[in-house]
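Hello,

Here is the structure I promised to pass on to you.

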Amino acid sequence: MPAASADLSKRLFPDELWRLVAPFLPSFAARPQGGGTAPRDQRAVFTAVVYVLTSGCAWRHLPPTFGTSSATAHRRFMVWTEVGLWRRLHRAVLDELGVRGEVDWTSAIVDAASVRRKGGSPTGPNPVDRGKKGSKLHVLSNAQGIPLAVAVSGANMHDSLALKPLILGIPAVRSRRGPRRRRPAKPRADKAYFSAEHLIWLRERGLVTRIARPGIESGERLGRHRWKIERSIAWLFGYRRLTVRYERKGSHFLAFLGLAAALTCYKKLAKRAA
(Lines give C-alpha, C1' and ligand atoms only; values in the text may rest on other atoms or scores of the structure.)
Protein backbone atom coordinates (compact mmCIF):
# COMPACT_ATOMS: atom_id res chain seq x y z
CA MET A 1 0.00 0.00 0.00
CA PRO A 2 1.42 3.44 -0.91
CA ALA A 3 2.47 5.69 1.95
CA ALA A 4 -0.35 8.19 1.29
CA SER A 5 -2.95 5.40 1.36
CA ALA A 6 -1.43 3.95 4.53
CA ASP A 7 -1.64 7.36 6.22
CA LEU A 8 -5.29 7.70 5.18
CA SER A 9 -6.08 4.25 6.57
CA LYS A 10 -4.40 5.11 9.87
CA ARG A 11 -6.43 8.32 10.15
CA LEU A 12 -9.69 6.57 9.34
CA PHE A 13 -9.04 3.54 11.51
CA PRO A 14 -6.27 3.94 14.13
CA ASP A 15 -4.78 1.07 16.10
CA GLU A 16 -6.70 1.85 19.29
CA LEU A 17 -10.02 1.67 17.47
CA TRP A 18 -9.00 -1.61 15.84
CA ARG A 19 -8.35 -3.02 19.31
CA LEU A 20 -11.97 -2.29 20.20
CA VAL A 21 -13.43 -3.57 16.93
CA ALA A 22 -11.46 -6.79 16.41
CA PRO A 23 -13.09 -8.91 19.18
CA PHE A 24 -16.55 -8.35 17.66
CA LEU A 25 -15.75 -9.33 14.07
CA PRO A 26 -17.00 -12.80 13.09
CA SER A 27 -14.18 -15.07 12.04
CA PHE A 28 -13.79 -16.36 8.50
CA ALA A 29 -14.78 -19.99 8.04
CA ALA A 30 -12.73 -21.76 5.40
CA ARG A 31 -14.63 -23.96 2.95
CA PRO A 32 -14.38 -27.65 4.01
CA GLN A 33 -13.84 -28.71 0.42
CA GLY A 34 -11.04 -26.19 -0.04
CA GLY A 35 -10.61 -23.74 -2.89
CA GLY A 36 -12.54 -20.50 -3.13
CA THR A 37 -11.24 -17.00 -2.64
CA ALA A 38 -8.75 -16.26 0.12
CA PRO A 39 -10.29 -14.20 2.96
CA ARG A 40 -9.63 -10.49 2.86
CA ASP A 41 -7.86 -8.72 5.68
CA GLN A 42 -10.59 -7.77 8.16
CA ARG A 43 -9.00 -4.47 9.07
CA ALA A 44 -8.65 -3.43 5.42
CA VAL A 45 -12.32 -4.19 4.75
CA PHE A 46 -13.46 -2.35 7.87
CA THR A 47 -11.38 0.67 6.89
CA ALA A 48 -13.06 0.64 3.48
CA VAL A 49 -16.49 0.71 5.17
CA VAL A 50 -15.41 3.67 7.31
CA TYR A 51 -14.23 5.43 4.13
CA VAL A 52 -17.64 4.96 2.48
CA LEU A 53 -19.35 6.38 5.58
CA THR A 54 -16.94 9.31 5.86
CA SER A 55 -16.70 10.29 2.20
CA GLY A 56 -20.26 9.46 1.18
CA CYS A 57 -19.04 7.72 -1.98
CA ALA A 58 -21.00 4.93 -3.66
CA TRP A 59 -19.74 1.41 -3.02
CA ARG A 60 -18.78 1.05 -6.67
CA HIS A 61 -16.51 4.10 -6.38
CA LEU A 62 -14.48 2.68 -3.49
CA PRO A 63 -10.76 3.30 -4.31
CA PRO A 64 -8.66 0.15 -4.80
CA THR A 65 -6.00 1.49 -2.43
CA PHE A 66 -7.78 -0.15 0.54
CA GLY A 67 -6.87 -3.57 -0.80
CA THR A 68 -10.41 -4.87 -1.16
CA SER A 69 -13.06 -4.77 -3.86
CA SER A 70 -16.25 -2.77 -3.49
CA ALA A 71 -18.28 -6.00 -3.71
CA THR A 72 -16.35 -7.58 -0.83
CA ALA A 73 -16.62 -4.45 1.32
CA HIS A 74 -20.35 -4.18 0.71
CA ARG A 75 -20.93 -7.87 1.34
CA ARG A 76 -18.95 -7.79 4.59
CA PHE A 77 -20.83 -4.63 5.65
CA MET A 78 -24.13 -6.50 5.24
CA VAL A 79 -22.84 -9.50 7.23
CA TRP A 80 -21.61 -7.24 10.04
CA THR A 81 -24.96 -5.47 10.06
CA GLU A 82 -26.81 -8.77 10.42
CA VAL A 83 -24.71 -9.81 13.44
CA GLY A 84 -25.27 -6.47 15.20
CA LEU A 85 -21.66 -5.29 15.06
CA TRP A 86 -22.37 -1.56 15.05
CA ARG A 87 -24.43 -1.49 18.22
CA ARG A 88 -21.87 -3.62 20.06
CA LEU A 89 -19.04 -1.40 18.88
CA HIS A 90 -20.91 1.72 20.02
CA ARG A 91 -21.39 0.19 23.45
CA ALA A 92 -17.72 -0.87 23.65
CA VAL A 93 -16.54 2.69 23.01
CA LEU A 94 -19.03 4.04 25.55
CA ASP A 95 -17.67 1.50 28.06
CA GLU A 96 -14.16 2.87 27.53
CA LEU A 97 -15.43 6.39 28.13
CA GLY A 98 -17.39 5.22 31.17
CA VAL A 99 -14.46 3.59 32.97
CA ARG A 100 -12.53 6.82 32.51
CA GLY A 101 -15.36 8.85 34.01
CA GLU A 102 -16.04 10.65 30.73
CA VAL A 103 -19.80 9.96 30.46
CA ASP A 104 -21.86 12.71 32.12
CA TRP A 105 -25.22 11.31 33.25
CA THR A 106 -26.65 14.54 34.68
CA SER A 107 -28.95 14.90 31.69
CA ALA A 108 -29.88 13.48 28.31
CA ILE A 109 -31.07 15.51 25.33
CA VAL A 110 -33.31 14.28 22.51
CA ASP A 111 -33.80 15.71 19.03
CA ALA A 112 -34.27 14.66 15.40
CA ALA A 113 -33.18 15.74 11.91
CA SER A 114 -34.58 14.89 8.48
CA VAL A 115 -32.63 13.74 5.43
CA ARG A 116 -33.70 13.32 1.82
CA ARG A 117 -33.72 9.88 0.37
CA LYS A 118 -32.75 8.33 -2.96
CA GLY A 119 -34.44 5.03 -2.19
CA GLY A 120 -35.41 2.48 0.40
CA SER A 121 -37.50 2.43 3.55
CA PRO A 122 -38.49 3.55 6.14
CA THR A 123 -39.34 6.79 4.38
CA GLY A 124 -42.29 9.14 4.32
CA PRO A 125 -43.32 12.56 3.04
CA ASN A 126 -41.19 15.19 4.74
CA PRO A 127 -43.53 17.92 6.09
CA VAL A 128 -40.72 20.50 6.05
CA ASP A 129 -39.47 19.69 2.54
CA ARG A 130 -42.57 20.05 0.33
CA GLY A 131 -43.67 16.50 1.01
CA LYS A 132 -40.62 14.91 -0.58
CA LYS A 133 -39.79 11.40 0.58
CA GLY A 134 -37.20 11.21 3.31
CA SER A 135 -36.04 9.65 6.55
CA LYS A 136 -35.47 11.05 10.00
CA LEU A 137 -32.52 10.51 12.33
CA HIS A 138 -33.36 10.42 16.03
CA VAL A 139 -30.54 11.05 18.49
CA LEU A 140 -30.28 10.97 22.27
CA SER A 141 -27.05 12.43 23.63
CA ASN A 142 -25.73 12.92 27.13
CA ALA A 143 -24.94 16.27 28.73
CA GLN A 144 -21.71 16.54 26.70
CA GLY A 145 -23.34 15.78 23.35
CA ILE A 146 -22.02 12.20 23.20
CA PRO A 147 -24.59 10.09 21.30
CA LEU A 148 -25.96 7.37 23.58
CA ALA A 149 -28.76 6.04 21.38
CA VAL A 150 -29.81 6.54 17.75
CA ALA A 151 -32.73 5.47 15.57
CA VAL A 152 -34.15 5.90 12.06
CA SER A 153 -37.75 6.44 10.92
CA GLY A 154 -39.72 7.88 8.04
CA ALA A 155 -39.59 11.68 7.81
CA ASN A 156 -43.32 11.92 8.56
CA MET A 157 -43.11 10.14 11.93
CA HIS A 158 -43.72 12.47 14.85
CA ASP A 159 -40.60 13.10 16.93
CA SER A 160 -42.36 12.13 20.17
CA LEU A 161 -42.79 8.51 19.04
CA ALA A 162 -39.03 8.05 19.24
CA LEU A 163 -38.66 9.15 22.87
CA LYS A 164 -39.41 5.82 24.55
CA PRO A 165 -37.32 3.69 22.13
CA LEU A 166 -34.38 6.05 22.56
CA ILE A 167 -34.56 5.98 26.36
CA LEU A 168 -34.88 2.18 26.33
CA GLY A 169 -32.08 1.97 23.77
CA ILE A 170 -29.47 3.52 26.05
CA PRO A 171 -26.93 0.73 26.69
CA ALA A 172 -25.77 -0.19 30.17
CA VAL A 173 -22.40 1.58 30.28
CA ARG A 174 -19.51 0.69 32.59
CA SER A 175 -18.63 3.15 35.33
CA ARG A 176 -15.38 4.10 36.98
CA ARG A 177 -16.87 2.80 40.21
CA GLY A 178 -19.92 0.66 40.86
CA PRO A 179 -22.33 -1.11 38.49
CA ARG A 180 -23.11 -0.26 34.90
CA ARG A 181 -25.36 2.73 34.35
CA ARG A 182 -27.97 3.50 31.69
CA ARG A 183 -30.26 6.06 33.32
CA PRO A 184 -29.67 9.81 32.83
CA ALA A 185 -30.93 12.03 35.64
CA LYS A 186 -32.87 14.55 33.53
CA PRO A 187 -34.13 13.87 30.00
CA ARG A 188 -34.50 17.16 28.13
CA ALA A 189 -36.52 17.85 24.98
CA ASP A 190 -38.53 20.53 23.23
CA LYS A 191 -42.33 20.67 23.22
CA ALA A 192 -42.65 18.26 20.29
CA TYR A 193 -41.95 15.47 22.80
CA PHE A 194 -44.46 16.57 25.43
CA SER A 195 -47.38 14.34 26.42
CA ALA A 196 -48.96 13.33 29.70
CA GLU A 197 -48.23 9.69 28.85
CA HIS A 198 -44.53 10.46 28.46
CA LEU A 199 -44.39 12.34 31.75
CA ILE A 200 -46.00 9.42 33.61
CA TRP A 201 -43.80 6.86 31.86
CA LEU A 202 -40.62 8.78 32.70
CA ARG A 203 -41.62 9.41 36.32
CA GLU A 204 -42.29 5.69 36.80
CA ARG A 205 -38.64 5.17 35.91
CA GLY A 206 -37.44 7.78 38.37
CA LEU A 207 -36.51 10.31 35.69
CA VAL A 208 -36.98 14.04 36.25
CA THR A 209 -38.09 15.49 32.91
CA ARG A 210 -37.34 18.88 31.40
CA ILE A 211 -39.78 19.04 28.47
CA ALA A 212 -41.46 22.26 27.36
CA ARG A 213 -45.26 22.33 27.66
CA PRO A 214 -47.09 23.39 24.48
CA GLY A 215 -48.94 26.69 24.79
CA ILE A 216 -47.35 27.42 28.15
CA GLU A 217 -43.60 27.43 27.67
CA SER A 218 -41.47 28.44 24.74
CA GLY A 219 -40.00 25.81 22.47
CA GLU A 220 -36.68 27.15 23.68
CA ARG A 221 -37.11 25.29 27.00
CA LEU A 222 -33.92 23.43 26.16
CA GLY A 223 -32.21 26.80 26.51
CA ARG A 224 -28.48 26.56 27.00
CA HIS A 225 -28.64 22.80 26.49
CA ARG A 226 -29.99 22.86 22.90
CA TRP A 227 -26.63 23.54 21.29
CA LYS A 228 -25.29 20.29 22.72
CA ILE A 229 -27.70 18.06 20.81
CA GLU A 230 -27.42 20.27 17.73
CA ARG A 231 -23.66 19.85 17.86
CA SER A 232 -24.07 16.10 18.30
CA ILE A 233 -26.27 15.89 15.19
CA ALA A 234 -23.79 18.10 13.30
CA TRP A 235 -21.00 15.66 14.24
CA LEU A 236 -23.05 12.80 12.81
CA PHE A 237 -23.81 14.70 9.62
CA GLY A 238 -20.07 15.21 9.25
CA TYR A 239 -20.18 11.62 7.96
CA ARG A 240 -21.40 12.39 4.48
CA ARG A 241 -23.11 9.06 3.86
CA LEU A 242 -25.76 10.20 6.36
CA THR A 243 -26.63 13.48 4.63
CA VAL A 244 -28.66 11.73 1.90
CA ARG A 245 -30.41 8.39 2.31
CA TYR A 246 -29.10 6.02 -0.42
CA GLU A 247 -29.63 2.66 1.30
CA ARG A 248 -32.66 0.66 0.21
CA LYS A 249 -32.83 -1.16 3.54
CA GLY A 250 -33.51 0.78 6.68
CA SER A 251 -31.22 -1.57 8.60
CA HIS A 252 -28.28 -0.53 6.41
CA PHE A 253 -28.93 3.19 6.91
CA LEU A 254 -29.24 2.57 10.66
CA ALA A 255 -25.97 0.62 10.48
CA PHE A 256 -24.15 3.64 9.05
CA LEU A 257 -25.74 5.83 11.73
CA GLY A 258 -24.63 3.40 14.45
CA LEU A 259 -21.09 3.33 13.09
CA ALA A 260 -21.04 7.13 12.95
CA ALA A 261 -22.20 7.27 16.58
CA ALA A 262 -19.42 4.85 17.60
CA LEU A 263 -16.78 6.87 15.73
CA THR A 264 -18.07 10.11 17.25
CA CYS A 265 -17.68 8.61 20.72
CA TYR A 266 -14.25 7.26 19.81
CA LYS A 267 -13.05 10.76 18.83
CA LYS A 268 -13.99 11.91 22.32
CA LEU A 269 -12.04 8.98 23.75
CA ALA A 270 -8.98 9.65 21.59
CA LYS A 271 -9.02 13.35 22.45
CA ARG A 272 -8.97 12.57 26.17
CA ALA A 273 -6.18 10.03 25.74
CA ALA A 274 -3.98 12.44 23.76
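**What turned up**

Arginine 43 lies over the face of phenylalanine 13, with 5.6 Å to the ring centre. Please keep in mind that this is a predicted model.

Phenylalanine 13 also belongs to an aromatic cluster, together with Trp18, Phe46, Trp59, Phe77, Trp80, Trp86 and Phe256. In total the structure holds 10 aromatic pairs. One of them joins phenylalanine 77 and phenylalanine 256, which are stacked at 4.6 Å centre to centre with 20° between the planes. That pair links distant parts of the chain: phenylalanine 77 sits in helix H4 (residues 70–82) and phenylalanine 256 in helix H9, 179 residues apart. Both phenylalanine 77 and phenylalanine 256 are buried.

The largest nonpolar core has 71 residues, and Phe46, Trp86, Leu140, Leu242 and Leu259 have the most contacts inside it. Helix H9, residues 250–273, gives the most to this core, contributing 12 residues. Leaving aside residues up to four places away in sequence, tryptophan 86 touches Phe46, Val49, Phe77, Trp80, Thr81, Ala255, Gly258 and Leu259.

On the cysteines: the structure holds 0 disulfides. Cysteine 265 counts as buried because its relative accessibility is 0%. Cysteine 57 has a value of 15%, so it counts as buried too.

Now for the charged side chains. A search of the whole structure finds 11 salt bridges. Arginine 19 and glutamate 16 form one of them, at 2.7 Å from N to O. Both residues lie in helix H2 (residues 15–21), 3 residues apart, or about one turn of the helix. Arginine 19 is partly exposed, at 42% relative accessible area, and glutamate 16 is partly exposed as well, at 32%.

Another salt bridge connects glutamate 96 with arginine 100, whose closest N and O atoms are 3.7 Å apart. Here glutamate 96 counts as buried because its relative accessibility is 16%, under the 20% cut-off. Arginine 100, with 30%, is partly exposed.

Glutamate 204 and arginine 205 meet in a salt bridge too, at 3.8 Å from N to O. Glutamate 204 counts as exposed at 60% relative accessibility, while arginine 205 is partly exposed with 31%. Finally, salt bridges that share partners join Glu16, Arg19, Glu96 and Arg100 into one network.

Happy browsing, and best wishes

Note on methods
Residues numbered from 1 in each chain as written. Predicted model: local features only at pLDDT ≥ 70, side-chain atom pairs only at ≥ 80, totals over all residues. Heavy atoms only, no water. Core = buried A, V, L, I, M, F, W, Y, C linked by side-chain atoms within 4.5 Å. Buried < 20%, exposed > 50% of the residue type's maximum accessible area, 1.4 Å probe, protein only. Helix = DSSP H or I, 4+ residues; strand = E, 2+ residues; numbered from the N terminus. Contact = heavy atoms within 4.5 Å. Disulfide = S-S within 2.5 Å. Phe/Tyr/Trp six-rings, centres within 6.5 Å; stacked < 30°, edge-to-face > 60°. Lys NZ or Arg CZ within 6 Å of the ring centre and 35° of its normal. Salt bridge = Lys/Arg side-chain N within 4 Å of Asp/Glu carboxyl O.
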